[in-house]
Amino acid sequence: MSLWTREELLLALAEWKAAYRAASHGKSYTVGERTLTRQDIGDIRDQLDYLQRQLDSLTRGAGPVRVRAVRER
């Protein structure tokens, strides 16, 4: 059983693809005294890769990809 449903993964992929398109048009912009900085495009690619792997895993019926927790020391 996967952590995600197929529908959730497809929705998340669509949202992250939109973020990728937005980030590809410039890293930041300023309106008046306020500046907006977009997410790093490399981070967006990483998230897209993660979501696609999850969808592939779900499609193959392999179950969820296990994520190992890392404890801070």
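**View 1. Ala23 and the residues it touches.** Setting aside neighbours within four places in sequence, Ala23 is in contact with Arg38, Gln39, Ile41 and Ile44, where contact means heavy atoms within 4.5 Å. Ala23 sits in helix 1, which covers residues 6–23; helices (H or I, at least four residues) and strands (E, at least two) are DSSP runs, numbered from the N terminus. Take Gln39: this residue is 16 residues away from Ala23 along the chain, yet their C-alpha atoms are separated by 6.8 Å. Ala23 has a relative accessible area of 12%, so it counts as buried. Buried means under 20% relative accessible area, exposed over 50% and partly exposed in between, using a 1.4 Å probe and protein chains only.

A quick note on what you're looking at: this is a predicted model, where local features need pLDDT of at least 70 and side-chain atom pairs count only at pLDDT 80 or more, while totals for chains, interfaces and linings use all residues. Residues are numbered from 1 along each chain as its sequence is written, and side-chain values use heavy atoms, with hydrogens and water left out.

**View 2. Helix 1 packed with helix 2.** Helix 2 (residues 41–60) packs with helix 1 at an angle of about 160°, and the two axes are 10 Å apart. Axes here are lines fitted to C-alpha atoms, for helices over the stretch in contact, with angles from 0 to 180 degrees between N-to-C directions.

**View 3. The residues where the helices meet.** On the helix 1 side, the residues include Leu9, Leu13, Trp16 and Tyr20, and among those they meet in helix 2 are Leu48, Leu51 and Leu55. By class, this contact has 14 nonpolar, three polar and three charged residues. Ala, Val, Leu, Ile, Met, Phe, Trp, Tyr, Cys and Pro count as nonpolar, Asp, Glu, Lys and Arg as charged, and the others, Gly among them, as polar.

View 4. Helix 2 has 20 residues. Its buried residues are Ile44, Leu48, Leu51, Gln54, Leu55 and Ser57, and they pack against helix 1. Thr59 is also in helix 2, but at 59% relative accessibility Thr59 counts as exposed. Thr59 and Arg6 are 53 residues apart in sequence and 8.1 Å apart in space, C-alpha to C-alpha. After helix 2 comes Gly61, with a positive phi near 80°.

**View 5. The chain as a whole.** Of its 73 residues, 16% are buried.

Terms used: Expected span 1.5 Å × (residues − 1).
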